[in-house]
Amino acid sequence: MTSRGLCLFGLLQLAWTPITSAQVRAHVDLGAGGDPVSGGGRTSLWSIAPALAYQVARLRLEAAGEYRDFGDLSPAASGFAAASYLAGGNGPVLGEIVATARFLSGPLTEDGVAWEGGGRLHLRKRQAGLWVGSEAGHDLHGATLRWEAAAWRRFGQIALQLQGSQTAAVDPGTRKAGGLSDTLAPQIDTLGARQVRTITDLGVWLHWSPPRVDLALALGRRYGFPEVAGGISLGDGLGQNSPGETATRSDWWLADLTYWLTPRLGLNGRIGHSPADPQWGVAGGAFLRVAVRAVVGRGGSGPRLAESRATGFAVRRLAGNPVAAQFTLNGARGVERVELMGDFTDWSPVEMQRTGEGRWELRLGLKPGLHFVNVRYDGGPWRPPPGTRVITDEFERLTGVVVVE
Amino acid sequence: MRIDLRAPIGRLWWAGLLSLGSALPLVAQDPRLAARLPSGTAIEVQRLIDLAERDNLPTDPLVQKALEGESKGADSARIIHAIEGLLGRLRAARSELGPEATEAELVAAAAALRAGALPTALDTLRSLRRDKPLVVPLSVLADLLTVGVPAEEAWRSVREMASTGATDAQFLALRDRLASAPPKAGASNLRPPAPERPPAGSPPGPAERP
């Protein structure tokens, strides 16, 4: 089988997997307003930004992009695709293999793709953890090397993350001037340290996700621009430095709020100040965007809403049949699919039938005794059914316990 | 008939015997394990199941634990560890409850032991309810311990109720009374959060369209 055939086979496997255990999330933002562009005081008029995430067991694939239209000006587009695989046991130490590719396209920037790959070492408990990682790659100008470290903690629906990273890359300022290649610049392997640009990012992120809201707040600082290309105006993204001056830091912040009107339709507002990014020749600056977020397929706030609304789960032995029972779940509105699995289904998902508004039922063979069970809504994460006793199982997941008389 | 092992046919016959021998463990394997687990894990799980069978313990709970681990993305070591733990608890339960204990009773007892019940509690319950099933009292004991009722209080309540010959419904009522507030299901996610990136701006200076 050729490598192309193997790839196709792998993709088919991935495509088939959602039927059993994969989680797929996809949404698209249709927005008004956007990022400013340096030199003209213009902002994008509208934008469209699709995003897709696919997770099965320990593999996670993610892709997102944004197309920004400036009306009578040329458009810009950016995006990324990322893959992550968790390796190791279910204990506190985990390894992660990651690979990311990014692209950026704009009229006066250097269109292109950058990629990086590497690994992270996680030390994590249920509600807190930290990691260190390193990634090597290639951007528009040459090799890059990045290390990062982070600590995170969950407080119920709130997640807090402190993160630092440092990226060493070939300094585009020494290779480019005024958007044109500087043919006088020596090759990288003959250059001194000043040709390597080191960017250090420090930031704190807060995520809050109650049933109807997704809120992200972030604040950070970017350090270290040894040299700025004269032809690229970095504006106030680097403080008040004029083009050509050395800058040392750039502050940035972000507030991103999505309010879910329905499980699949939300309003998204995004405001902040982005930092300069000399690797891509992006100036940074204030931005404001309002968007309608539509969930495609499963996902959105549906699983969370259904989980928060679900009021009761009952198991009742069927009269006249000592080894069969009816499962009933009430209040799980706003989702298209509810699945159940337990020690009576060989831990394979079985779809429940909708029998009314928010009411789902299923009849299965079930012996009297103690049973373990999980449910999930629209392909979301497996949860203990509402109202059941909850244990942390041997695999560090929460599982519901029911007693059938 | 004498088989000459030096002859090609004889060697073939001998190789066939060897292949059959190596295939025997697979033949005896639970088909659910073979279908869902990596072959090495399935063989090790089957070995533990064979041990359980030899000790007259129910094997389906062990199969279910393996399948549960697989469906929740656990790796082989974790699955094996979980089954070894469950096997140990089933053995302890059998030892305390006696050879007449049903599979459901053993599963409930194993859950109670995992929740923190003492093995001697099983023996006491057995003697208090000699002719009645223990599934519900053991499940209620496991429940109470799981939701955080102090072990002493949980055991005292269950023991007192068992000594009065309470019905299963009365045990369930006890559970509802003592453990009225179900625990909140906190976030349970194997995957740590992903790294964040600062917001990215737009490329500089869009040009006029021609």
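I took two strands as paired if DSSP finds at least two bridges between them. The model I consulted is predicted.

**Entry 1: four-stranded sheet, chain A.** I looked up the strand order and found an open sheet of four strands, E19-E20-E24-E23 of chain A, with antiparallel pairing. Strands E19 (312-317) and E23 (353-356) of chain A each have a single partner strand, so one side of each is left without a neighbour in the sheet. I noted an average twist of 30° from one strand to the next. I then examined the pairing of E23(A) with E24 (residues 359-365) of chain A: the two run antiparallel and are joined by three bridges. Within this pair, I recorded Glu361(A) of E24(A) as the bridge partner of Gln353(A).

**Entry 2: five-stranded sheet, chain A.** I traced an open sheet of five strands in the order E22-E21-E25-E27-E26 of chain A, its pairing antiparallel. At the edges I found E22 (350-351) and E26 (389-392) of chain A, each of which pairs on one side only. Val373(A) in E25(A) stands opposite Gly342(A).

**Entry 3: helix contact, chain B.** I turned to helices H5 (residues 76-97) and H7 (residues 119-128) of chain B, whose axes come within 8 Å and cross at roughly 35°. The crossing of H5(B) and H7(B) is right-handed. I listed Ala92(B), Ala93(B), Glu96(B) and Leu97(B) from H5(B), which meet Pro119(B), Leu122(B), Asp123(B) and Arg126(B) from H7(B).

Technical notes: Residues numbered from 1 in each chain as written. Chains lettered and ligands numbered in written order. Predicted model: local features only at pLDDT ≥ 70, side-chain atom pairs only at ≥ 80, totals over all residues. Axes fitted to C-alpha atoms, helices over the stretch in contact; angles between N-to-C directions. Left-handed = near helix turned anticlockwise from the far one by under 90°. Contact = placed C-beta atoms within 7 Å.
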